Amino acid sequence: MRKNQSFNDSGPSGNTDGNDGKTIYSVCPRLKAFSDWLLKIMVSGNLEAVFPAATREYAPLIEELWNNAAIQATYDRRSELELLPIVASYFLERVVDILRPDYEPSDVDILYAEGVTSSNGLSFLDFSFPKPEPAFDIDTTDQHDSQIRYQLIRVQARRFGENCKWLEMFEDVRLVIFCVALSDYDQFAVNGDGAFVNKMLLSKKFFENIVTHPTFDQMDFLLILNKFDLFEEKIERVPLTQCDWFNDFCPVISRQRSNSNINNINSNPSLGQLAFHYIAVKFKRLYSSLTDRKLYVALVKGLEPVTVDEALKYSREILKWDEERPTFGLSEYSTYSTDASSFSH
Ligand SMILES: Nc1nc2c(ncn2[C@@H]2O[C@H](COP(=O)(O)OP(=O)(O)OP(=O)(O)O)[C@@H](O)[C@H]2O)c(=O)[nH]1
Ligand SMILES: [Mg+2]
């Protein structure tokens, strides 16, 4: 790396844009030199050699680049930029703060950060919730149960089958919470053979493999359909039928559609809400055809903790029904038991 690289307005030779051919997407030579330099480092794959040590001194330049009209005009067309992480704006808006030596990530920063995938495509994290403070007049059904141990396992669906040893970890598991991103329906990933595969179809295949695996025989499954916010926005411009599995989606939409409201799923639903129900039913039918059991489904916006809490509360209810199943028939016990209502929103 060249330390103290200077990006002055005259720019390095050969990099100056003439007035000809300028568009709203053209940046000045100085910023162009800086972004070309960044790109070169990224292409060289030598990021570790430059970052994080050098990042601090470039923070003002990155901030300037981000605020530049040409970059903002480009960002407005982000739906055409496949590789741009959705959370780019969140971090770029905070670049100067984040690059301060005393920066401590907030809970929200952590929530917005991309997960780090280990080289074998598997990551694990065990967690539980602390014992709640004893308090009067609080409905304890909303509180986390400190006795419950959660294991968060991130597997790259495309690598399933290469190394299934991790399945042995599931011996004492009572419920599998399987998470799928709704907004994956038009996205692609490279599978083990180097071919591009639709990410929703990859998740479907992975789901089929997991629910039919002997380790999970007779186990309850809660499917979390996540990234509903991105999905609702995307479905207005990208048809759901882009994913082959959803090619019979043809919703009847009332003219007076409500604005998106996660709690208002049944009255005057939005296109996103109709599509969520359609996808949930697709998974439910798939699950019952494979296992002869009922799949529970929850709708989540991962960046809104309250929706995650709701889904976890639903999972605790499922465990409770399970415990009480010998004494109470499910249908007597809860309104959640009817198939049409086995969704949590
Ligand atoms: N807008 C939005 N972002 C979410 C939601 N849930 C998670 N995210 C973001 O999605 C990113 C998760 O990144 P990863 O852990 O790489 O997972 P992923 O990108 O969904 O999955 P991969 O395709 O395997 O990379 C983080 O930036 C999260 O903040 C959600 O419901 N809505
Ligand atoms: Mg990602």
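How many residues does α11 have, and how far does α11 reach from its first C-alpha to its last? In this predicted model, in which local features need pLDDT of at least 70, side-chain atom pairs count only at pLDDT 80 or more, and totals for chains, interfaces and linings use all residues, helix α11 has 20 residues and spans 29 Å between its first and last C-alpha, close to the 28 Å expected at 1.5 Å a residue. The expected span is taken as 1.5 Å times one less than the number of residues in the helix. Residues are numbered from 1 along each chain as its sequence is written, while chains are lettered from A and ligands numbered from 1 in the order in which they are written.

The chain contains 12 helices and eight strands; helices (H or I, at least four residues) and strands (E, at least two) are DSSP runs, numbered from the N terminus. Of the 345 residues in the chain, 17% are buried. A residue counts as buried if 20 or more other C-beta atoms lie within 10 Å of its own, as exposed if 12 or fewer do, and as partly exposed in between, with C-beta atoms placed from the backbone. Among contacts with a separation of 6 or more, 64% are accounted for by residues 24 or more positions apart; a contact requires C-beta atoms, placed from the backbone, to lie within 7 Å.

Four strands make up an open sheet with parallel pairing, in the order β3-β6-β7-β8. Its edge strands are β3 and β8 (343-344), each of which pairs on one side only. Strands are considered paired if DSSP finds at least two bridges between them. Strands β3 and β6 run parallel and are joined by seven bridges, and Val-176 has Phe-221 of β6 as its bridge partner. Four bridges connect β6 with β7, again in the parallel sense, and Leu-225 is partnered by Leu-299 in β7. The parallel pairing of β7 with β8 extends over two bridges, with Ala-298 opposite Ser-344 in β8. Strand β6 is mostly covered, six of its seven residues being buried.

Helix α11 lies across β3, β6, β7 and β8 and runs at about 165° to β6. The axes are lines fitted to C-alpha atoms, for helices over the stretch in contact, and angles run from 0 to 180 degrees between N-to-C directions. In α11, the buried residues are Thr-307, Ala-311, Leu-312, Tyr-314, Ser-315 and Ile-318. Viewed down the axis of α11, these buried residues fall within an arc of 150°, so they line one face of the helix; the arc is that of the directions from the helix axis to the C-beta atoms. The buried residues of α11 pack against β3, β6, β7 and β8, whereas Pro-305, Val-306 and Glu-323 are exposed on the other side of the helix.

Helix α8 (residues 199-211) has 13 residues and reaches 18 Å from its first C-alpha to its last, close to the expected 18 Å. Buried in α8 are Lys-199, Met-200, Leu-202, Ser-203, Phe-207 and Val-211. These residues cover an arc of only 155° around the axis, which puts them on the same side of α8. Their cover includes β3 (175-181), β4 (188-190), β5 (196-198), β6 (220-226) and α10 (271-291).

The largest nonpolar core has 34 residues, of which Leu-222, Leu-223, Leu-225 and Val-297 touch the most other members. Such a core is a set of buried Ala, Val, Leu, Ile, Met, Phe, Trp, Tyr and Cys residues joined through C-beta atoms within 7 Å. Two or more residues are given to this core by each of β3, α8, β6, α9 (228-234), α10, β7 (296-299) and α11 (305-324), and α10 gives the most, with six residues. Leaving aside residues up to four places away in sequence, Leu-222 touches Leu-175, Ile-177, Tyr-296, Ala-298, Tyr-314, Ser-315 and Ile-318.

Two loop residues other than glycine have positive phi values. Gln-218, in the loop between α8 and β6, has phi near 70° and counts as exposed, with 6 C-beta neighbours inside 10 Å. Lys-227, in the loop between β6 and α9, has a phi of about 60° and is buried, with 20 other C-beta atoms within 10 Å.

Key:
Two residues are in contact if their C-beta atoms, placed from the backbone, lie within 7 Å.
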